[in-house]
Amino acid sequence: MSNAISPPPSDTPCLLCSALLVERAAAWRLRDFRATQRAINALAEHRRHEHAEPAR
């Protein structure tokens, strides 16, 4: 799968991250490239806000 985004490294997986990964996989399998890109963008946006790296 191109544009692969792996789950965040953590002990407790985020439910929204999991749902977005499933949505992305389903869209990819259906060859719906626009939906795949939307899911990738939604996952990236969610991670930027909810799983931000602490400032160094």
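The model is a predicted one, in which local features need pLDDT of at least 70 and side-chain atom pairs count only at pLDDT 80 or more, while totals for chains, interfaces and linings use all residues. Residues are numbered from 1 along each chain as its sequence is written, and side-chain values use heavy atoms, with hydrogens and water left out.

The buried residues of α2 are Ala-35, Thr-36, Ala-39, Ile-40, Leu-43, His-46 and Arg-47. Seen down the axis of α2, these buried residues fall within an arc of 140 degrees, so they line one face of the helix; the arc is that of the directions from the helix axis to the C-beta atoms. In general, an α-helix has 3.6 residues a turn, so residues three or four places apart point the same way. With its 18 residues, α2 reaches 25 Å from its first C-alpha to its last, close to the 26 Å expected at 1.5 Å a residue, the expected span being 1.5 Å times one less than the number of residues.

What covers the buried residues of α2? The cover includes α1. Thr-36 in α2 gives a local view: this residue is buried, with a relative accessible area of 4%, and, leaving aside its neighbours within four places in sequence, Thr-36 is in contact (heavy atoms within 4.5 Å) with Arg-24, Ala-27 and Trp-28. Further along, Ala-44, also placed in helix α2, is partly exposed at a relative accessible area of 27%. Ala-44 and Cys-17 are 27 residues apart in sequence and 9.4 Å apart in space, C-alpha to C-alpha.

Cys-17 also belongs to the largest nonpolar core, which it makes up together with Cys-14, Leu-20, Leu-21 and Leu-43, 5 residues in all. Such a core is a set of buried Ala, Val, Leu, Ile, Met, Phe, Trp, Tyr and Cys residues joined through side-chain atoms within 4.5 Å. Helix α1 (residues 15–29) contributes the largest share of this core, with 3 residues.

A search of the whole structure for aromatic pairs finds 1. The rings of Trp-28 and Phe-33 have centres 5.7 Å apart and planes at 75 degrees, so the pair is edge-to-face; rings of Phe, Tyr and Trp (its six-membered ring) pair if their centres lie within 6.5 Å, and planes under 30 degrees apart count as stacked, over 60 as edge-to-face and the rest as tilted. Trp-28 is partly exposed at 23% relative accessible area, and Phe-33 is partly exposed at 48%.

In the loop between α1 and α2 (33–50) lies Arg-31, which has a positive phi of about 60 degrees although it is not a glycine. Most residues other than glycine have a negative phi. Arg-31 is exposed, with a relative accessible area of 58%.

For the chain as a whole, there are 2 helices and 0 strands, taken as DSSP runs (H or I, at least four residues, for helices; E, at least two, for strands) and numbered from the N terminus. Of its 56 residues, 23% count as buried. Among contacts between residues at least 6 apart in sequence, 53% join residues at least 24 apart.

Key:
Buried means under 20% relative accessible area, exposed over 50%, partly exposed in between (1.4 Å probe, protein chains only).
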